[in-house]
Amino acid sequence: MTTAAGLTTVTIRRAADASALIAAADLPPARHFVDGTFVEGSADRVIDVVDPCTESVIARIPEGTAEDIDRAVAAAVAAKGQWARLLPKERSELLHAIADRLAANAGLLSKLESANTGKPLAVSTDDVGQAVDTFRFMAGALRATTSMAAGDYAENHLSVILREPLGVIGVVTPWNYPLLMAAWKIAPILAAGNTLVIKPSEQTPLTTLKFAELVADLLPPGVLNVVNGYGAVVGARLAEHPDVNMIALTGSVASGRAVARAAADSLKRVHLELGGKAPVVIFPDADLAAAASSLRVAGFWNSGQECGAACRVLVHESVAAEFVEQLVSEVRELVVGEPLAGEDVEVGPMVSKAHFDRVTGYLERAKKDGVRVATGGGALDGPGYFVAPTVLADVPEGAEAAHEEIFGPVITVETFTDEDEAVRRANDVPLGLSASVWTENARRSHDIAARLDFGTVWVNSHLVLASEVPWGGFKGSGYGRDLSIYALDDYARTKHVMHNHRR
């Protein structure tokens with residue numbers, strides 16, 4: 001169905017009974033998890049957890065305080081010595097046990113994640129599968145760490161390099177991938193021999209709390225602690241706490257700045273994975289059909305609420321019209337709906353009313369500025385926080401929509417004339433998480449990828465991840481690496497021990 005303006009209208013596919021996704025018994029205890037058990041908060045205030053498909057409250061969690069963080073940190077401090085002294089084999093076996101427990105409860109976790117975030121079940125199922133794989137990878141990697149060879153680097157002095165845990169790690173995770181981002185932090189932190197206190201997003205805490213419930217009998221008390229609450233209170237106390245040795249955050253640039261400032265007084269390490277504005281650079285020789293098909297997934301996976309999303313296309317002017325036509329054709333086929341509305345649902349709602357307003361605000365301003373809406377372009381009728389999958393075409397250089405992170409189901413399309421312009425404009429954003437290059441010219445692909453200032457660059461694909469390779473950005477996207485052995489390095493410290501063996 002099309003409007004008079006020629007734009008496809010989008011219908012939200014609704015479930016016959018949305019409440020059937022989870023039962024009350026599926027919910028985790030609505031409390032904090034400290035020292036191996038669920039505990040009440042120190043305050044009586046609660047936070048509503050809202051289903052973004054229906055706008056109904058599905059749970060209420062305690063609003064944490066600085067006192068709650070202090071109690072959790074004390075538990076992590078008490079547990080860190082024993083956990084650090086475990087042999088790598090012992091920690092590895094425990095991480096494998098966690099992976100087994102997650103895999104055994106994969107269906108429940110997927111449904112709980114979709115109920116809390118509105119994700120299509122295909123996305124939540126993928127999240128759980130990747131979380132399981134993250135624990136399995138770290139379980140193996142911690143037994144095969146490498147370092148500089150022991151040897152005499154000064155005469156008659158033997159140098160030995162040790163890798164030690166940092167101690168207690170404070171973790172702050174976002175709302176877009178609640179369970180997966182928790183796994184990306186928890187697995188290497190535990191593998192490296194640290195204990196932790198994690199603050200999940202106040203909007204999406206359910207699977208993190210469920211994780212704690214599922215693994216409570218596997219980990220010693222105090223090794224894993226979960227405190228609910230707002231960043232301005234709970235996150236800030238975690239970042240400034242003198243007994244926390246590192247603060248690790250996945251979130252917005254603003255959150256990263258706040259955490260780094262709070263950590264400065266105690267000179268604790270900071271691990272930041274922040275926003276992205278991924279350019280997709282398409283040259284005239286690219287397979288346009290393959291690029292458009294890939295962006296149907298990479299641009300709209302998790303409803304575009306993805307820091308690596310293929311959200312900013314830079315296409316050569318000679319093939320721009322053809323590419324936009326193919327991209328719009330793909331995007332118009334996307335199925336928007338609730339998790340239980342069918343296995344083919346690809347796009348769900350924005351996670352909250354505030355984020356819905358933010359995304360639709362970007363679209364309204366783009367239209368006022370004269371940007372052409374090739375398809376989509378605005379909100380869909382409620383209930384729920386749904387936004388139509390959108391392609392904005394003929395976007396001018398420097399436009400807000402092409403420069404700032406919208407974090408929704410929106411792809412912008414700009415054109416360029418030559419390679420130097422493409423590289424300059426791709427790099428002309430404050431964020432540097434990921435990018436992709438589309439060309440059949442192998443020499444060009446190597447050269448352009450090397451010139452792009454982003455932590456991950458794909459060639460002829462986008463948003464393909466693996467536990468063996470690092471994920472992290474440059475510039476405003478932060479520092480530190482998730483996944484791979486580089487994450488283990490981030491959560492450990494090196495110690496040089498030198499023995500004088502002169503005789």
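Select Leu 463 to begin: with 17% relative accessibility, Leu 463 counts as buried (buried means under 20% relative accessible area, exposed over 50%, partly exposed in between, with a 1.4 Å probe and protein chains only). You're looking at a predicted model, where local features need pLDDT of at least 70, side-chain atom pairs count only at pLDDT 80 or more, and totals for chains, interfaces and linings use all residues. Residues are numbered from 1 along each chain as its sequence is written, and side-chain values use heavy atoms, leaving out hydrogens and water.

Stay on Leu 463: its phi is positive, about 70°, although it is not a glycine. Most residues other than glycine have a negative phi, and most peptide bonds are trans. You'll find Leu 463 in the loop between β19 (456-459) and β20 (474-475); strands here are DSSP runs of E, at least two residues, and helices are runs of H or I, at least four, numbered from the N terminus.

Next, pick Asn 156, in the loop between β5 (151-154) and β6 (157-165). Is Asn 156 buried or partly exposed? At 22% relative accessibility, Asn 156 counts as partly exposed, and its phi is also positive, near 65°.

Now jump to Gly 382 and Pro 383, joined by a cis peptide bond with omega about 5°. Pro 383 sits in the loop between β14 (372-375) and β15 (390-393).

Last stop: show helix α5 (residues 178-191) and helix α6 (residues 206-215), whose axes are 8 Å apart at an angle of about 50°. Color Pro 178, Leu 179, Ala 182 and Ile 186 in α5, which meet Thr 207, Thr 208 and Phe 211 in α6 (contact means heavy atoms within 4.5 Å).

How values were computed: Axes are lines fitted to C-alpha atoms, for helices over the stretch in contact, and angles run from 0 to 180 degrees between N-to-C directions.
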